[in-house]
Amino acid sequence: MRVMAQMAMVMNLDKCIGCHTCSVTCKQAWTNRNGMEYVWFNNVETRPGLGYPRRWQDQEEWKGGWTLKNGHLQLKTGGRLQKLLNIFSNPKMPGMDDYYEPWTYDYETLLNAPLQKNFPVAQPHSLITGKTMNVKWSANWDDDLGGAQEYAPKDPMLKGIEDKVKFEFEKTFMFYLPRICEHCLNPACAASCPSGAIYKREEDGIVLVDQDKCRGWRMCVSGCPYKKVYFNHKTGKAEKCTFCYPRIEVGIPTVCSETCVGRLRYIGIILYDPDKVLAAASVEDDQALYEAQLGCFLDPFDPEVQRAAEQQGIPMDWMEAARKSPVRRLIQDYKVALPLHPEYRTMPMVWYVPPLSPVVDVVKDTGHDAEEMGNLFGAIDALRIPVEYLAGLFTAGDIEPVNGVLRKLAAMRSYMRDINLGRDPDASIPEAVG
Ligand code: SF4
Ligand code: SF4
């Protein structure tokens, strides 16, 4: 057995308030430079919504050009020349419109406008051309729509559940999805780079771009299904989230974790067997991929794993960190965290605790939020956020694992509420939800 350590993150979506502090502090630390104006290593998406870059989840078109071979995403068409041609013809290379043209305001005009009936209004101007812009779309444009019907079909995760998200007050829903590079176990960005510039660090699995080797092909930009590699227009090189490795190396957390207002980001080490990764990524059934990825992880308490880790020179303090890791507990022990789009087969390593939204139907009858024990199992269908939507994000549409997580979260909330109110908690809850 081979043992490798991976830095990973779990984000608890119930706690995200969409303040974008993480994005801004990350930008100040890493992408506050010319050529990187539009780049957000960390971004926070409004869901339902088009995401950033726009429609990054809509894989249908570019899927036609790619295929899965031995667990790797590869261009379908053979020959080296054809592959080079495909760099330029890949229909899903995001354009500036899909990100947004960075803009600013002329604050003089904004602040010194003459007194008038309405608030002063000013058109933004482009940071690139300096010209006045008529902005029609940008990241988080979806904030005000809250799943409104006219936008619903554009979020691919809403396909098939349009009737559940009609623009009716009681049915609208919204939540935030913070995103960074997934530091995948099977990174498509590295597999698609013709220059071999993208590599996965052996010691902690962080995926980086070697700036000296990068030749600006941008195949990583189109090749990453999460669209988390960006092209620096000034240097002509690709750049991406580094998991703040210079901070990690001296024992401090990533900027986004440290500054997160909701304290929702957990980081830590998880152990995996690299020999299982490609087989797991090749599992044909999309809905089996969550379990397949779980199967790659190793138990740091298992004596066999400890022995193998020792033989392979994994530092003992890393083993200790893996045992204590909150990420490992949430993913492996409690099984309340799920991967984002496991069907992309890159084995992503930023996982999410899905949001437990209020129960809408039961509220009307009882005035309660249906999280008392008796309602736990009946109420999942009545959650404001359709379980199908969450399953589209986290389990390739399989609602069972998502239901399992939501029940655990509801049970925990009910249990803790009883304790906090000085009542005896229902002792059957922990067993009932596993
Ligand atoms: Fe590479 Fe994209 Fe995976 Fe990040 S999310 S490691 S950029 S394939
Ligand atoms: Fe969400 Fe935390 Fe980022 Fe604020 S700082 S948007 S709470 S992830």
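Start by selecting strand S2 (43–47), strand S7 (175–179), strand S13 (338–339), strand S14 (350–353) and helix H17 (399–420): the buried residues of helix H16 pack against these. Contact here means heavy atoms within 4.5 Å, and buried means under 20% relative accessible area with a 1.4 Å probe, protein chains only. Helices (H or I, at least four residues) and strands (E, at least two) are DSSP runs, numbered from the N terminus.

Before you click on, a word on the ground rules. This is a predicted model, where local features need pLDDT of at least 70 and side-chain atom pairs count only at pLDDT 80 or more, while totals for chains, interfaces and linings use all residues. Residues are numbered from 1 along each chain as written, chains are lettered from A and ligands numbered from 1 in written order, and side-chain values use heavy atoms, leaving out hydrogens and water.

Now select H16 itself, residues 387–394: 7 of its 8 residues are buried. Which ones? Pick out Val387, Tyr389, Leu390, Ala391, Gly392, Leu393 and Phe394. Step just past the helix to Ala396, which has a positive phi of about 50°.

Next stop: ligand 2. Around it are 14 residues, and Cys16, Cys19, His20, Cys22 and Cys260 come nearest; being near takes a heavy atom within 4 Å.

Finally, zoom out. The protein has 18 helices and 14 strands, and buried residues make up 50% of its 434 residues.
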